[in-house]
Every structure is written in C-alpha cells, then in structure tokens.
Amino acid sequence: MANLGLLYARAALSGFARRGEELPEGERSARVLVDREHLAEYARVCGFRRRDELPVTYPHVLAFALQVDLMTARGFPFPLPGLVHVANRVTQTRPLLVGEPLELRVRLEELRAHERGRQFDAVTTAEVDGERVWVDVSTYLRRVAGGGGARSGGVLEPPEPNAVWRVPGDVGRRYAAVSGDRNPIHLFGLAARAFGFRRAIAHGMWTKARCVAALEGRIGGAQVVDARFKTPLGLPARAEFSARPTAEGWRFAVWSGGRPVLEGSVSG
C-alpha cells in the first residue's frame with residue numbers, strides 16, 4: 001500500500017503545476033487483510049458495533065491510499081487540495097468478513113463537465129477469491145472560477161429527526177487517524193480557515209458511516225448505500241439524523257443549523 005505521508009508531500013510539491021484535460025489511465029491495486037484493531041477503532045469513531053462482519057463503508061478507508069496515489073500521479077489534472085467529495089455510492093453483494101483477504105483495485109473514470117466546474121469518479125472494487133463483492137464510486141468535484149452556485153430545489157424544511165447527535169470537535173482528527181484522510185480542513189479550525197471554512201468540518205465519509213451505523217441491524221448484507229454530500233458539517237456540531245423506511249429500504253438525512261448536510265438511501 002502506498003505511503004500516505006509521501007503522497008501528501010508529492011501533492012504539495014506538484015499541486016499548483018497541475019493542468020490537463022484527461023485522467024491518467026491504469027489502476028492501483030493491493031491485497032489487504034483486515035487488522036482487527038484498526039477495524040475496532042473505525043467502529044468506535046463511526047458508531048458501529050464490533051463484530052466479524054465489516055461495515056459496508058469500511059473498505060473505503062482501506063483503499064483510500066490507492067485513491068490518493070492515483071490522484072497525485074503524473075498526468076492527474078487537478079491539485080489534490082482543491083477537490084470536493086460530493087457523492088459516494090457503495091454496492092455490496094454479500095457480507096464481507098474480517099478474515100477474508102480483499103483484492104482492492106482503484107481507477108479513475110468519466111471526467112465530465114459540472115455546473116460548478118468538472119467532476120470525475122474514483123471507482124474502487126473489492127474481490128474475494130476472484131469474486132467481485134463490493135464496488136465504491138466516489139464522485140469528486142473540482143470547482144472553477146465563475147462556476148455556478150448550488151442547484152435550487154429539493155427539500156426546504158428539515159425532516160422530523162429520529163435522533164440528535166452531539167458531534168465533538170475532535171471527530172475530524174479521530175477519523176483522519178483511522179482513515180488516513182488528513183486533509184487540513186478536517187483537523188483544526190485555523191487550517192480550515194485557510195481554505196475558506198469558518199471551522200474544521202467533518203469528513204463526508206464519516207457522516208455517511210455514522211448514518212449506516214445508526215441503521216445497523218435493520219439493513220442486510222447485500223445492499224446499495226448511496227449518499228450525496230450537501231453542505232459541510234462544521235465541528236463541533238449539533239446534527240439531526242432522520243431515517244424513514246421505503247419500499248426499497250431506507251432513506252436517511254443529516255441536517256445541521258437548518259441546512260442539509262447529507263441525503264442518502266439504502267436499498268437491498
């Protein structure tokens with residue numbers, strides 16, 4: 001697995017010189033065996049119970065270094081600090097167990113126009129004994145000057161919450177320690193302000209994982225979990241979580257300060 005410290009250094013040294021119109025070809029891969037202590041810490045940070053079945057969001061953090069390796073490679077067109085994670089969709093065909101070695105592969109796809117800039121997908125797959133059992137599609141946006149604002153429409157009032165979460169100010173640092181995602185906007189307020197945020201903000205994938213943990217025991221092992229990240233969750237935070245059953249599974253949302261943070265669904 002690539003060394004994240006070296007990759008971040010590479011991103012810092014080469015970021016402002018990056019230009020291009022295409023994503024680099026090829027993929028990154030690694031064979032991973034889950035470390036139980038790492039899994040236990042991930043469960044503590046995100047609210048999952050400790051068990052032998054992996055949380056559906058957990059392989060994302062195992063493959064994160066592979067994503068960063070591709071997004072700091074020669075030919076990648078954007079500086080890493082300018083990317084915004086706007087959506088994530090995980091499809092899992094069966095439960096994944098702690099003792100199963102995972103063959104992880106990551107590639108970048110579909111560079112395309114967006115009303116606020118350009119976006120692309122980082123596609124991660126996990127195989128067990130040659131069988132593809134898990135696919136993660138993370139959509140990233142590179143904003144450009146003069147891009148439009150957020151789309152209008154959608155839900156204007158927050159749904160009735162099922163729970164209110166008190167999110168501590170250090171959750172960004174705790175999730176960074178377990179995920180490897182040490183983007184400064186998640187760590188300290190002063191660093192976040194340098195990038196235009198008033199406070200440090202929670203990782204989108206922490207917020208999604210926290211939602212899945214809240215539904216633990218009510219969703220099956222074969223599932224599709226889709227999430228769209230709407231606005232940053234400033235830390236510390238009072239967040240309202242809501243979940244409603246549907247014919248396909250569940251719809252869930254997180255609001256904070258009268259604004260939508262995340263909207264998602266589970267189907268199986």
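Q: Which residues form one aromatic cluster?
A: Rings of Phe, Tyr and Trp (its six-membered ring) pair if their centres lie within 6.5 Å; planes under 30 degrees apart count as stacked, over 60 as edge-to-face and the rest as tilted. Here Y42, F48, Y58 and Y175 form one such cluster.

Q: What kind of model is this, and how are residues numbered?
A: This is a predicted model, in which local features need pLDDT of at least 70 and side-chain atom pairs count only at pLDDT 80 or more, while totals for chains, interfaces and linings use all residues. Residues are numbered from 1 along each chain as its sequence is written, and side-chain values use heavy atoms, with hydrogens and water left out.

Q: How many helices and strands are there?
A: Helices (H or I, at least four residues) and strands (E, at least two) are DSSP runs, numbered from the N terminus. The protein has seven helices and ten strands.

Q: What percentage of the residues is buried?
A: Buried means under 20% relative accessible area, exposed over 50%, partly exposed in between (1.4 Å probe, protein chains only). Of the 268 residues in the protein, 49% are buried.

Q: Which residues of helix α2 are buried?
A: An α-helix has 3.6 residues a turn, so residues three or four places apart point the same way. In α2 (residues 36-46), the buried residues are L39, A40, Y42, A43, V45 and C46. Their cover, judged by contact (heavy atoms within 4.5 Å), includes α3 (58-62), α5 (171-179) and α7 (204-214).

Q: What is found at the start of α2, and what follows α2?
A: At the start, a side-chain oxygen of D35 comes to within 3.0 Å of the backbone nitrogen of E37. After α2 comes G47, with a positive phi near 95°.

Q: How many residues of α7 are buried?
A: Eight of the eleven residues of α7 are buried, and the helix is mostly covered. Those buried are M205, W206, T207, K208, A209, C211, V212 and A213.

Q: How many aromatic pairs does a search of the whole structure find?
A: The search finds eight aromatic pairs. In one of them, the ring centres of F76 and F120 are 5.5 Å apart and the planes lie at 75°, so the pair is edge-to-face. This pair links distant parts of the chain, 44 residues apart: F76 is in the loop between α4 (64-71) and β2 (83-92), and F120 in strand β4 (residues 117-128). Both F76 and F120 are buried.

Q: Why is the pair of F78 and F120 stacked?
A: The planes of F78 and F120 are at 25° and the ring centres 6.3 Å apart, so this pair counts as stacked. It too links distant parts of the chain, with F78 in the loop between α4 and β2, 42 residues from F120 in strand β4. F78 counts as buried because its relative accessibility is 6%.

Q: Is H114 buried or exposed?
A: H114, in strand β3 (residues 102-114), is buried, as its relative accessible area is 16%. Leaving aside neighbours within four places in sequence, H114 is in contact with Q119 and L141.

Definitions and conventions:
A polar contact is a pair of N or O atoms within 3.5 Å; within protein, one must be able to donate a hydrogen and the other to accept it, and residues adjacent in sequence count only if both atoms are side-chain atoms.
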